[in-house]
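Here is a friendly walk through one protein model. Please have a look at the sequence and the coordinates before reading on.

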Amino acid sequence: MARTTPNRFAGGDPQLAAFLRDLLAARNVAPNTHAAYASDLAQLVTSKWGAESRPPYPWADLSDADARAFLVAFATDGATATTVRRKLAAGRTFCRYLQREGVLIDNPFALLHGPRKAKTLPKVLSVEELARFLACPLKDLADGTIGEYAAWRDKALFEALYSTGCRIGEMLPVTWGEIDFARGTLIVTGKGAKDRLVILGQPARAALTALRAAASRTGAPTDGAAPVFLSDALGPLTRTFAERRMKRYLVEAGLSTDVTPHKLRHSFATHLLDAGADLRSVQEMLGHASLSTTQVYTHVSVERLRDVYAKAHPRNA
């Protein structure tokens, strides 16, 4: 089965539309998750009734065989285990909703199991690599290749991401009023619309202070309700824009352009654990609901120790 989503989404289906509204209103799912589920369910429609089908759809006709065929098609088409598991979650959650609405008696996805997710260790930047990367915006300012506001915005954004371990989607909406400069703390809203307190280190606070001063000189608003991070045109700063800026500095620092803003979060957690921070404190700072999610970073630290041992111990061979 092709992995593309139909050009027109089946939003005219009352059950699909109501379910997607429920996801936002009752479950507070992240926008990315909401969009992914909408895409997955559009693909389920195509799998069952064809690309030319029109709503409303007879959901009561959805069978176990249909659910299995939907997942198998993606698995055999080379989709990653993570993608197949998400499509399973989308189908299972939607059919559970249809059960509550009395449309389905049994959930066709209930007994299906997704492929086992491969355990991969997150890639991180070393402390030295991060220092090179974080120095680039001000180096460009000194060279005259970017303006003052852009330089301090980029410096502050990446310093804050590494200092707090926040996701890029948690950092971009931050307003000036949410930063407590005196205490060096920041309130961000994470997954499930849960607020948490994160720590801003001295370099991040200094960069944010300089950014606020630069913003004032450009005429950008700096009151409590104003966004901290703005585009060059002083509009909303998007994830794509931030990633593009990051790639620029990665090239300048001689680092792989595969590194994303999320790798700063991985680096934050790994460096804390390497320095002796306890796992539960790191879990709280990352906003992980489960300690097992945070534990992957302990494996990164162990792998690093193994590398050091392999290179340095005289009887390793």
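## Ground rules

This is a predicted model, in which local features need pLDDT of at least 70, side-chain atom pairs count only at pLDDT 80 or more, and totals for chains, interfaces and linings use all residues. Residues are numbered from 1 along each chain as its sequence is written, and side-chain values use heavy atoms, with hydrogens and water left out.

## The chain as a whole

The protein chain holds 13 helices and 3 strands; these are DSSP runs numbered from the N terminus, with helices being H or I of at least four residues and strands E of at least two. Of its 317 residues, 42% count as buried, meaning under 20% relative accessible area, with a 1.4 Å probe and protein chains only.

Among contacts (heavy atoms within 4.5 Å) with a separation of 6 or more, 65% join residues 24 or more positions apart.

## Two nonpolar cores

A nonpolar core is a set of buried Ala, Val, Leu, Ile, Met, Phe, Trp, Tyr and Cys residues joined through side-chain atoms within 4.5 Å. The largest has 47 residues, of which F133, L157, F158, M171 and F229 touch the most other members. At least two residues come from each of α5 (127-143), α6 (148-164), α7 (168-171), β2 (185-189), α8 (202-218) and α9 (239-252), and α6 gives the most, with 8 residues.

Leaving aside residues up to four places away in sequence, F229 touches Y149, R153, A156, L157, M171, L208, L211 and L237. A second, separate core has 29 residues, including A18, L71, A90 and L104.

## Helix α5 and its bend

With 17 residues, α5 reaches 24 Å from its first C-alpha to its last, close to the 24 Å expected at 1.5 Å a residue (1.5 Å times one less than the number of residues). It bends by about 40° at C136, with the proline P137 following within four residues; the bend is the angle between axes fitted to the seven residues ending there and the seven starting there.

The buried residues of α5 are L130, F133, L134, C136, P137 and D140, and their cover includes α6, α9 and α10 (261-274). After α5 comes G144, whose phi is positive, near 80°.

## T93 in helix α4

T93 lies in α4 (residues 81-100) and counts as buried because its relative accessibility is 10%. Its side chain reaches the backbone oxygen of A89 at 2.7 Å. Not counting residues up to four places away in sequence, T93 touches F19, R27 and Y37.

Terms used:
Buried means under 20% relative accessible area, exposed over 50%, partly exposed in between (1.4 Å probe, protein chains only). A polar contact is a pair of N or O atoms within 3.5 Å; within protein, one must be able to donate a hydrogen and the other to accept it, and residues adjacent in sequence count only if both atoms are side-chain atoms.
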